[in-house]
Amino acid sequence: MLDEADDIHPLFSGAPKSTEFRKLRKRLVRNAREAIEAYGMVEKDARWLVCLSGGKDSYTLLAILYELKWRGLLPVDILACNLDQGQPGFPATVLPKFLEDMCVPHRIEYQDTYSVVVDKVPQGRTYCALCSRLRRGHLYRIAREEGCSAVVLGHHRDDILETFFMNLFHGGRLATMPPKLVNEEGDLFVYRPLAHVAEEDCERFAKAMSYPIIPCDLCGSQDGLQRQQVKQILDGWESRSPGRRQVMFRALMNARPSHLLDPKLFDFANLKRDQIKFDPNADDLPRLR
């Protein structure tokens, strides 16, 4: 988006003019566009419910989606949504004012899920799992009420990597947040257009744009989370080998079932010795390394 244009969207008013910021912005747009195209997120005449928490990631998501729309690369209708879950200290006026000032169509909904979570979760346990489930249920309902075909979330590359390692270390499975899925009821898509975007880029972008960040620790349940432990491990790897996160992320896009151990994904039992003759370069055939 050209900031000197007359039709600049308010989300980009006052954007820094530096070359460094322009490169950052261009990279964010490119990465989001790659994910949207690679995972087939665009349906003609679709309406997206874009979820806004007030964190750096959701602000970045909203801005980049609007830039893609401005460029004619995202032919969907966008409705921003914030679900106020009643956490103590949540600044309820920040997001409504921001969205009104930015001329962004939006819906703000209050649902006191915090009290439910506090009542149901044993003392000393984290609230996040139940809180997330309750939040997702309300967002699905809102999407249906607003005629949306997709719920759009701000999870980025680092969230996806952290989830993979949490499942690996604690869940005993190879799985992570998919960039695109269908909900259990089968009537809504869930999209993550920032799947290829680094968390560091979201942070730099939101800070440069001076968006009013709402912290993610309002409920006081964040200390000692498994995700934070995994994040520290990844930070350590990244500091010792810069670029390690991106290499690991590429691995998630380059899975080889024949080189894993899941017989449901690859038919080891019926593998024949002479099978290699048919196609020695086939990705689904194991080769010695």
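Which residue of β2 does V50 stand opposite? In the predicted model examined here, local features rest on a pLDDT of at least 70 and side-chain atom pairs on a pLDDT of 80 or more, whereas totals for chains, interfaces and linings use all residues. Residues are numbered from 1 along each chain as its sequence is written, and side-chain values use heavy atoms, with hydrogens and water left out.

The residue of β2 that stands opposite V50 is A80. Helices (H or I, at least four residues) and strands (E, at least two) are taken as DSSP runs, numbered from the N terminus. Strand β1 (residues 47–51) and β2 run parallel and are joined by 5 bridges. R47 likewise has a counterpart in β2, standing opposite D77. Of the 8 residues of strand β2 (residues 77–84), 7 are buried, so the strand is largely enclosed by the rest of the structure; buried denotes under 20% relative accessible area, exposed over 50%, and partly exposed the range in between (1.4 Å probe, protein chains only).

Both strands belong to an open sheet of 6 strands, in the order β3-β2-β1-β4-β6-β5, with mixed pairing. Two strands are considered paired if DSSP finds at least two bridges between them. From one strand to the next, the twist averages 25°. Helix α3 (residues 94–101) lies across β2 and β3, and runs at about 170° to β3.

Two helix pairs were also examined. Axes are lines fitted to C-alpha atoms, for helices over the stretch in contact, and angles run from 0 to 180 degrees between N-to-C directions. Helix α6 (residues 157–171) packs against helix α8 (residues 226–240) at an angle of about 110°, the axes being 9 Å apart. That angle makes α6 roughly perpendicular to α8 (65 to 115 degrees; under 35 counts as roughly parallel, over 145 as roughly antiparallel and the rest as oblique). The crossing of α6 and α8 is right-handed, a term applied if the near helix is turned clockwise from the far one by less than a right angle, and left-handed if anticlockwise. Contact (heavy atoms within 4.5 Å) involves residues of α6 including F165, M166 and F169, and residues of α8 including V230, I233, L234 and W237. The residues of this contact comprise 8 nonpolar, 3 polar and 4 charged; Ala, Val, Leu, Ile, Met, Phe, Trp, Tyr, Cys and Pro count as nonpolar, Asp, Glu, Lys and Arg as charged, and the others, Gly among them, as polar.

Helix α4 (residues 113–120) and helix α5 (residues 128–145) pack at about 145°, with their axes 10 Å apart. The crossing of α4 and α5 is right-handed. T113, V116, V117 and K120 of α4 meet L130, C131, L134 and H138 of α5, and these contact residues divide into 5 nonpolar, 2 polar and 1 charged.

Positive phi values were found in two loops. D45, in the loop between α1 (19–38) and β1, has a positive phi of about 60° although it is not a glycine. D45 is exposed, with a relative accessible area of 68%. C103 lies in the loop between α3 and β3 and has a positive phi of about 60°, although it is not a glycine. C103 counts as exposed at 56% relative accessibility.
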